[in-house]
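Reader: I have not worked with this structure before. Please take me through it in questions and answers.

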Amino acid sequence: MTLTASWKRPVGRRIVLGMVTLGFAGIAFGESVQRFIGGAISKVSPGGGGLASLIPGANSFRIYTVTDSFPSESTQDYTLKVTGLIDNPTTYTFEDLVGLPQTSLTKDFQCVTGWRVPNVHWKGVLLSEIIKRASVQPRAQAVLFHSFDGVYTESLTLDQASRNDVIVAYEMLGQRPISSEHGGPVRLYVAPMYGYKSCKWLSEIELSDKVIPGYWEDLGYDVNAWIGRSNGRSDAPVDGA
Ligand SMILES: Nc1nc2c(c(=O)[nH]1)N[C@H]1C(S)=C(S)[C@@H](COP(=O)(O)O)O[C@H]1N2
Ligand SMILES: [Mo]
(Lines give C-alpha, C1' and ligand atoms only; values in the text may rest on other atoms or scores of the structure.)
(Ligands and ions follow the chains in the order given, each with its own letter.)
Protein backbone atom coordinates (compact mmCIF):
# COMPACT_ATOMS: atom_id res chain seq x y z
CA MET A 1 0.00 0.00 0.00
CA THR A 2 1.38 3.37 -0.90
CA LEU A 3 0.57 6.02 1.63
CA THR A 4 1.57 9.61 1.63
CA ALA A 5 2.65 12.25 4.06
CA SER A 6 -0.04 13.33 6.44
CA TRP A 7 -0.24 16.65 8.17
CA LYS A 8 1.08 15.13 11.34
CA ARG A 9 4.62 14.84 9.97
CA PRO A 10 7.14 17.30 11.33
CA VAL A 11 7.56 20.15 8.92
CA GLY A 12 11.29 19.61 8.54
CA ARG A 13 10.83 16.12 7.23
CA ARG A 14 8.12 17.16 4.81
CA ILE A 15 10.35 19.77 3.28
CA VAL A 16 13.28 17.41 2.96
CA LEU A 17 11.14 14.78 1.27
CA GLY A 18 9.64 17.45 -0.95
CA MET A 19 13.09 18.48 -2.12
CA VAL A 20 14.06 14.93 -2.97
CA THR A 21 10.81 14.50 -4.87
CA LEU A 22 11.54 17.69 -6.73
CA GLY A 23 14.93 16.33 -7.76
CA PHE A 24 13.33 13.24 -9.18
CA ALA A 25 10.51 15.05 -10.90
CA GLY A 26 12.98 17.53 -12.31
CA ILE A 27 14.53 14.94 -14.54
CA ALA A 28 11.35 14.06 -16.30
CA PHE A 29 8.92 16.98 -16.25
CA GLY A 30 10.18 20.47 -16.92
CA GLU A 31 7.01 22.46 -16.56
CA SER A 32 5.74 20.56 -13.58
CA VAL A 33 8.93 21.38 -11.81
CA GLN A 34 8.53 25.07 -12.45
CA ARG A 35 5.03 24.89 -11.09
CA PHE A 36 6.27 22.90 -8.15
CA ILE A 37 8.94 25.45 -7.39
CA GLY A 38 6.31 28.17 -7.69
CA GLY A 39 4.25 26.56 -4.98
CA ALA A 40 6.90 24.86 -2.95
CA ILE A 41 8.56 27.77 -1.28
CA SER A 42 7.00 26.92 2.02
CA LYS A 43 4.64 24.06 1.37
CA VAL A 44 4.43 20.39 0.77
CA SER A 45 3.25 19.43 -2.72
CA PRO A 46 -0.34 18.42 -3.54
CA GLY A 47 -0.81 15.00 -2.14
CA GLY A 48 2.86 14.37 -2.37
CA GLY A 49 6.11 14.58 -0.55
CA GLY A 50 5.72 11.22 1.17
CA LEU A 51 7.75 8.11 0.70
CA ALA A 52 5.45 6.93 -2.05
CA SER A 53 6.59 9.86 -4.14
CA LEU A 54 10.18 8.65 -4.01
CA ILE A 55 9.42 5.36 -5.68
CA PRO A 56 9.70 5.86 -9.42
CA GLY A 57 6.84 3.54 -10.36
CA ALA A 58 6.17 4.50 -13.94
CA ASN A 59 2.60 4.91 -15.15
CA SER A 60 0.97 4.16 -11.85
CA PHE A 61 -1.20 6.14 -9.50
CA ARG A 62 0.04 7.42 -6.18
CA ILE A 63 -2.76 7.05 -3.67
CA TYR A 64 -3.36 10.29 -1.81
CA THR A 65 -5.27 11.36 1.24
CA VAL A 66 -4.76 14.47 3.33
CA THR A 67 -6.28 12.82 6.39
CA ASP A 68 -4.93 9.87 8.32
CA SER A 69 -7.21 7.40 6.58
CA PHE A 70 -9.19 6.36 3.55
CA PRO A 71 -12.85 6.94 4.30
CA SER A 72 -15.14 4.22 3.08
CA GLU A 73 -18.81 4.22 2.14
CA SER A 74 -20.82 1.43 0.58
CA THR A 75 -22.83 2.05 -2.56
CA GLN A 76 -25.95 1.42 -0.43
CA ASP A 77 -25.14 4.17 2.06
CA TYR A 78 -23.59 6.62 -0.36
CA THR A 79 -25.34 9.91 -1.07
CA LEU A 80 -24.38 12.94 -3.13
CA LYS A 81 -26.07 16.18 -2.10
CA VAL A 82 -26.56 19.07 -4.50
CA THR A 83 -27.05 22.31 -2.57
CA GLY A 84 -26.59 26.07 -2.63
CA LEU A 85 -27.89 28.60 -5.16
CA ILE A 86 -30.33 26.26 -6.88
CA ASP A 87 -34.10 25.85 -7.05
CA ASN A 88 -34.02 22.08 -6.93
CA PRO A 89 -31.89 20.71 -4.06
CA THR A 90 -31.38 17.00 -4.63
CA THR A 91 -29.83 14.00 -2.95
CA TYR A 92 -28.62 11.28 -5.32
CA THR A 93 -27.98 7.70 -4.35
CA PHE A 94 -25.35 5.63 -6.16
CA GLU A 95 -28.09 3.95 -8.18
CA ASP A 96 -29.60 7.33 -9.07
CA LEU A 97 -26.27 8.43 -10.54
CA VAL A 98 -25.82 5.23 -12.51
CA GLY A 99 -29.31 5.77 -13.91
CA LEU A 100 -28.44 9.17 -15.39
CA PRO A 101 -27.03 9.51 -18.94
CA GLN A 102 -23.53 8.05 -18.93
CA THR A 103 -20.33 9.64 -20.20
CA SER A 104 -17.07 7.74 -20.81
CA LEU A 105 -13.67 9.41 -20.93
CA THR A 106 -10.22 8.00 -21.64
CA LYS A 107 -7.55 10.50 -20.66
CA ASP A 108 -4.16 10.78 -19.03
CA PHE A 109 -4.31 11.49 -15.32
CA GLN A 110 -1.66 13.92 -14.26
CA CYS A 111 -0.58 15.13 -10.83
CA VAL A 112 1.08 18.52 -10.63
CA THR A 113 4.08 16.89 -8.93
CA GLY A 114 4.98 15.13 -12.17
CA TRP A 115 3.53 11.62 -12.27
CA ARG A 116 1.15 10.73 -15.04
CA VAL A 117 -0.95 7.70 -15.85
CA PRO A 118 -1.79 7.41 -19.54
CA ASN A 119 -5.17 6.39 -20.95
CA VAL A 120 -7.21 5.97 -17.82
CA HIS A 121 -10.81 4.87 -18.42
CA TRP A 122 -13.55 6.69 -16.54
CA LYS A 123 -17.33 6.47 -16.50
CA GLY A 124 -19.83 8.71 -14.84
CA VAL A 125 -22.27 11.55 -15.26
CA LEU A 126 -21.39 14.91 -16.74
CA LEU A 127 -21.21 17.44 -13.96
CA SER A 128 -23.16 19.73 -16.30
CA GLU A 129 -26.02 17.21 -16.34
CA ILE A 130 -26.26 17.32 -12.54
CA ILE A 131 -26.04 21.10 -12.56
CA LYS A 132 -28.74 21.32 -15.20
CA ARG A 133 -31.09 19.21 -13.09
CA ALA A 134 -30.47 21.44 -10.08
CA SER A 135 -32.00 24.54 -11.71
CA VAL A 136 -29.24 27.00 -11.03
CA GLN A 137 -30.12 30.49 -9.83
CA PRO A 138 -28.72 33.46 -11.78
CA ARG A 139 -26.43 34.47 -8.92
CA ALA A 140 -24.46 31.21 -9.09
CA GLN A 141 -21.00 31.60 -10.62
CA ALA A 142 -19.09 28.68 -9.17
CA VAL A 143 -19.34 25.09 -8.02
CA LEU A 144 -17.82 23.92 -4.75
CA PHE A 145 -17.00 20.29 -3.97
CA HIS A 146 -16.95 18.67 -0.56
CA SER A 147 -15.46 15.33 0.41
CA PHE A 148 -16.72 12.91 3.03
CA ASP A 149 -13.15 12.78 4.34
CA GLY A 150 -14.39 15.94 6.08
CA VAL A 151 -11.39 18.06 5.04
CA TYR A 152 -10.74 18.25 1.31
CA THR A 153 -12.46 20.87 -0.81
CA GLU A 154 -12.22 22.05 -4.39
CA SER A 155 -14.09 24.37 -6.72
CA LEU A 156 -14.56 25.31 -10.36
CA THR A 157 -16.13 28.27 -12.11
CA LEU A 158 -19.55 27.49 -13.56
CA ASP A 159 -18.00 27.69 -17.05
CA GLN A 160 -15.31 25.17 -16.18
CA ALA A 161 -17.87 22.91 -14.54
CA SER A 162 -19.97 22.93 -17.71
CA ARG A 163 -17.27 21.36 -19.91
CA ASN A 164 -17.85 17.98 -21.48
CA ASP A 165 -14.67 16.53 -19.92
CA VAL A 166 -15.67 17.09 -16.28
CA ILE A 167 -17.58 14.21 -14.72
CA VAL A 168 -18.92 12.86 -11.48
CA ALA A 169 -17.27 9.47 -11.83
CA TYR A 170 -18.53 6.16 -10.45
CA GLU A 171 -16.18 3.95 -12.48
CA MET A 172 -12.40 4.21 -12.82
CA LEU A 173 -9.84 1.72 -14.15
CA GLY A 174 -12.66 -0.71 -14.97
CA GLN A 175 -13.84 -0.77 -11.36
CA ARG A 176 -17.41 0.11 -10.42
CA PRO A 177 -17.77 1.46 -7.83
CA ILE A 178 -14.45 3.31 -7.72
CA SER A 179 -12.30 1.79 -4.97
CA SER A 180 -12.11 3.46 -1.58
CA GLU A 181 -8.41 4.30 -2.06
CA HIS A 182 -9.15 6.10 -5.31
CA GLY A 183 -11.93 8.13 -3.70
CA GLY A 184 -14.96 5.94 -4.31
CA PRO A 185 -17.66 5.06 -4.54
CA VAL A 186 -17.92 8.41 -6.38
CA ARG A 187 -15.29 11.07 -7.07
CA LEU A 188 -14.94 14.06 -9.30
CA TYR A 189 -12.80 13.82 -12.44
CA VAL A 190 -11.69 17.10 -14.00
CA ALA A 191 -9.82 15.80 -17.05
CA PRO A 192 -8.29 19.08 -18.31
CA MET A 193 -6.77 20.02 -14.97
CA TYR A 194 -4.14 18.65 -12.62
CA GLY A 195 -5.18 15.84 -10.32
CA TYR A 196 -5.77 17.94 -7.23
CA LYS A 197 -9.00 19.24 -8.82
CA SER A 198 -10.41 15.70 -8.91
CA CYS A 199 -11.92 15.62 -5.43
CA LYS A 200 -12.07 12.11 -3.97
CA TRP A 201 -14.92 10.78 -1.79
CA LEU A 202 -17.29 13.35 -3.25
CA SER A 203 -20.21 14.03 -0.93
CA GLU A 204 -21.62 17.42 -1.88
CA ILE A 205 -21.80 19.74 -4.88
CA GLU A 206 -22.65 23.29 -3.83
CA LEU A 207 -23.55 26.11 -6.22
CA SER A 208 -22.03 29.34 -5.00
CA ASP A 209 -21.60 32.96 -6.05
CA LYS A 210 -17.81 32.64 -6.12
CA VAL A 211 -14.93 30.23 -6.35
CA ILE A 212 -13.40 29.38 -2.99
CA PRO A 213 -9.81 28.14 -3.22
CA GLY A 214 -9.56 24.48 -2.27
CA TYR A 215 -7.32 22.55 0.08
CA TRP A 216 -4.12 22.69 -1.97
CA GLU A 217 -4.91 26.06 -3.44
CA ASP A 218 -4.92 27.55 0.06
CA LEU A 219 -1.37 26.22 0.19
CA GLY A 220 -0.25 28.06 -2.92
CA TYR A 221 -1.36 26.12 -5.99
CA ASP A 222 -3.13 27.61 -8.99
CA VAL A 223 -6.91 27.85 -8.70
CA ASN A 224 -7.03 27.44 -12.48
CA ALA A 225 -5.12 24.18 -12.72
CA TRP A 226 -5.02 23.68 -16.50
CA ILE A 227 -2.60 21.03 -17.62
CA GLY A 228 -0.06 22.96 -19.67
CA ARG A 229 0.99 22.69 -23.28
CA SER A 230 4.47 21.55 -22.38
CA ASN A 231 2.85 18.47 -20.93
CA GLY A 232 1.57 17.64 -24.38
CA ARG A 233 -1.87 19.01 -23.59
CA SER A 234 -3.75 22.13 -24.56
CA ASP A 235 -7.00 21.79 -22.69
CA ALA A 236 -7.20 25.38 -21.52
CA PRO A 237 -9.48 27.84 -23.26
CA VAL A 238 -7.68 30.69 -25.02
CA ASP A 239 -8.08 33.13 -22.14
CA GLY A 240 -6.94 30.48 -19.65
CA ALA A 241 -9.68 31.39 -17.17
N1 LIG B 1 -10.39 14.03 -0.84
C2 LIG B 1 -9.21 14.09 -1.50
N3 LIG B 1 -9.22 14.25 -2.84
C4 LIG B 1 -8.04 14.31 -3.52
C5 LIG B 1 -6.79 14.25 -2.85
C6 LIG B 1 -6.82 14.05 -1.45
O7 LIG B 1 -5.78 13.96 -0.78
N8 LIG B 1 -8.04 13.97 -0.80
N9 LIG B 1 -5.61 14.36 -3.56
C10 LIG B 1 -5.69 15.01 -4.89
C11 LIG B 1 -4.48 14.86 -5.67
S12 LIG B 1 -3.20 15.95 -5.34
C13 LIG B 1 -4.39 13.97 -6.70
S14 LIG B 1 -3.06 13.92 -7.75
C15 LIG B 1 -5.44 12.96 -6.93
C16 LIG B 1 -4.85 11.58 -6.75
O17 LIG B 1 -5.82 10.58 -6.99
P18 LIG B 1 -5.52 9.08 -6.53
O19 LIG B 1 -5.29 9.12 -5.02
O20 LIG B 1 -6.69 8.29 -6.94
O21 LIG B 1 -4.24 8.67 -7.23
O22 LIG B 1 -6.55 13.10 -6.03
C23 LIG B 1 -6.87 14.43 -5.68
N24 LIG B 1 -8.09 14.44 -4.88
MO1 LIG C 1 -1.74 15.70 -7.11
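Reader: Is cysteine 111 buried or exposed?
Author: The model discussed here is a predicted one. A residue counts as buried when its relative accessible area is under 20%. Cysteine 111 has a relative accessible area of 4%, and therefore it is buried.

Reader: What is the relative accessible area of cysteine 199?
Author: Cysteine 199 also falls under the 20% limit for a buried residue. Its relative accessible area is 0%.

Reader: How many disulfides does the structure hold?
Author: A disulfide requires two cysteine sulfur atoms within 2.5 Å of each other. In this structure the number of such pairs is zero.

Reader: Which residues come nearest to ligand 1?
Author: There are 23 residues around ligand 1. This shell comprises 13 nonpolar, six polar and four charged residues. Those that come nearest are Arg62, Tyr64, His182, Arg187 and Lys200.

Reader: What is the distance from a nitrogen atom of ligand 1 to a polar backbone atom of serine 198?
Author: Ligand 1 has polar atoms facing several residues: an oxygen atom is 3.3 Å from a polar backbone atom of valine 66, and a nitrogen atom is 3.5 Å from an N or O atom in the side chain of serine 147. For the polar backbone atom of serine 198, the distance to a nitrogen atom of the ligand is 3.0 Å.

Reader: What share of the area that ligand 1 exposes when taken alone does the protein bury?
Author: The space taken by ligand 1 is the largest cavity. Taken alone, the ligand exposes 530 Å². Of that area, the protein buries 100%.

Notes. Residues are numbered from 1 along each chain as its sequence is written. Chains are lettered from A and ligands numbered from 1 in the order in which they are written. This is a predicted model: local features need pLDDT of at least 70, side-chain atom pairs count only at pLDDT 80 or more; totals for chains, interfaces and linings use all residues. Side-chain values use heavy atoms; hydrogens and water are left out. A residue is near a molecule or strand if one of its heavy atoms lies within 4 Å of it. A polar contact is a pair of N or O atoms within 3.5 Å; within protein, one must be able to donate a hydrogen and the other to accept it, and residues adjacent in sequence count only if both atoms are side-chain atoms. Accessible areas come from the Shrake-Rupley method with a 1.4 Å probe; for residues, only the protein chains shown count as cover. On a 1 Å grid over the protein atoms alone, a cavity is a set of points where a 1.4 Å probe fits but cannot get out, and a pocket is an open set with protein on both sides within 12 Å along at least five of seven lines; lining residues have an atom within 4 Å of a point. A molecule sits in a cavity or pocket if more than half of its atoms lie within 2 Å of its grid points. Ala, Val, Leu, Ile, Met, Phe, Trp, Tyr, Cys and Pro count as nonpolar, Asp, Glu, Lys and Arg as charged, and the others, Gly among them, as polar. Buried means under 20% relative accessible area, exposed over 50%, partly exposed in between (1.4 Å probe, protein chains only).
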